[in-house]
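Trainee: I am new to this structure. Could you take me through it step by step?

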Amino acid sequence: MYKIISNQQIGNDFYIMAIEGRFEANPGQFYMLRGIGSFMTLSRPISVFDVEADKIAFMYRVVGEGTKYFSKLKEGDEITLYGPYGNGYPVSDYKDKKVALIGGGMGIAPLFYLAKQLDNAEIHLGLNSRDLTAEQKQYLGQLYATHAPTTIHIDTDMSEKLDFSKYDAVMTCGPEIMMYKLTKNHENVYVSLEKHMGCAVGACLSCTCEVGGKRVKVCKDGPVFKGSEVSYDDAIKLL
């Protein structure tokens, strides 16, 4: 069990929860979180937003009863978490390269810590106009800009707006339709997939999908994959 340091609301349904302790993680990895004595049968997978010497932080969005429960937690409350899980982004391969970090919706969460580990990144955050007030957008932009130049795109298809030729790689997280479009614009796109997860160790098979022509477990084999190898059949149906 760990103590919550803060649980700040930064948008209509967006929160950043900081938890006291010494933790490790690579950008793109996630932890499994569960409230103490709560109704939760399964822990919730939440990607790492930031890691410091004495705390770890998670950005999450209220989308169901589990995250609604998290949003009610206060400083001093306790929480259970396990991790880190997953593989993370290929930071060492692009440490000093020019990299575009593109997040859509809740997919912006892992990009903060990722930008912290790269020397020449640019951040692009895609948000819905209903997600944040003008003041909240300004706060979020300033927060991310502490690690890399940051642009917030409101109700924008970033796959059509950005100049991808200036980047050595694109690292992204967000709606699959967005990530599918990005893979058509650059050969080195790395996507972080979001699937329902029950165990985080590959046992329950609830997060399987097709990558590289075979079935993989997002929690164990991912969640980060080379974008060109991912099957986007469900996303393509939305086009």
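Trainee: Which loop holds P223?
Mentor: Start from the elements, which are DSSP runs numbered from the N terminus: helices are H or I with at least four residues, strands are E with at least two. On one side of P223 lies α6 (218-221), on the other β14 (224-226).

Trainee: What is left out of the side-chain values?
Mentor: This is a predicted model: local features need pLDDT of at least 70, side-chain atom pairs count only at pLDDT 80 or more, and totals for chains, interfaces and linings use all residues. Residues are numbered from 1 along each chain as its sequence is written, and side-chain values use heavy atoms, leaving out hydrogens and water.

Trainee: What is omega near for the peptide bond from G222 to P223?
Mentor: That bond is cis. The bond from G83 to P84 is cis too, with omega near 5°, and P84 is found in strand β6 (residues 78-85). For G222 to P223, omega is near 10°.

Trainee: In which order do the strands of the closed barrel run?
Mentor: Two strands pair if DSSP finds at least two bridges between them. The barrel has six strands with antiparallel pairing. From one strand to the next the twist averages 45°, taken between axes fitted to C-alpha atoms, with angles from 0 to 180 degrees between N-to-C directions. The order is β1-β2-β5-β4-β3-β6.

Trainee: Which residue of β5 stands opposite F14?
Mentor: Strand β2 (residues 14-20) and strand β5 (residues 55-61) run antiparallel. Seven bridges join them. Opposite F14 stands R61.

Trainee: What is the bridge partner of K3 in β6?
Mentor: Take β6 from both sides. Five bridges join it to strand β3 (residues 30-35), where M32 partners Y82. Strand β1 (residues 2-9) pairs with β6 over two bridges, and there the partner of K3 is E78.

Trainee: Which residues have the most contacts inside the largest nonpolar core?
Mentor: A nonpolar core is a set of buried Ala, Val, Leu, Ile, Met, Phe, Trp, Tyr and Cys residues joined through side-chain atoms within 4.5 Å. The largest has 32 residues.

Trainee: Which element gives the most to the lining of the largest pocket?
Mentor: A pocket is an open set of points on a 1 Å grid over the protein atoms alone, where a 1.4 Å probe fits, with protein on both sides within 12 Å along at least five of seven lines; lining residues have an atom within 4 Å of a point. This one is lined by 30 residues, and P45, I46, M106, E194 and K195 lie nearest its centre. β4 (44-52), β5 and α1 (65-71) give two or more residues each. With four residues, the most comes from β4.

Trainee: What volume does the largest pocket have?
Mentor: Grid points are joined across faces, edges and corners, and the volume is the space filled by probe spheres set on them. For this pocket that comes to about 840 Å³.

Trainee: Is N188 buried or exposed?
Mentor: The place of N188 is in the loop between α5 (176-183) and β11 (189-192). Not counting residues up to four places away in sequence, N188 touches Y94, D168, A169, V170 and K226. Buried means under 20% relative accessible area, exposed over 50%, partly exposed in between, with a 1.4 Å probe and protein chains only. At 18%, N188 is therefore buried.

Trainee: What is the relative accessibility of D155?
Mentor: D155 lies in the loop between β9 (150-154) and α4 (158-161). D155 has a positive phi of about 50° although it is not a glycine. D155 counts as exposed because its relative accessibility is 52%.

Trainee: Which residue of the hairpin of β12 and β13 takes a positive phi?
Mentor: Four bridges join β12 (residues 208-211) to β13 (residues 214-217), and T208 partners K217. Two residues lie between the strands. The positive phi, near 65°, belongs to G212.

Definitions and conventions
Contact = heavy atoms within 4.5 Å.
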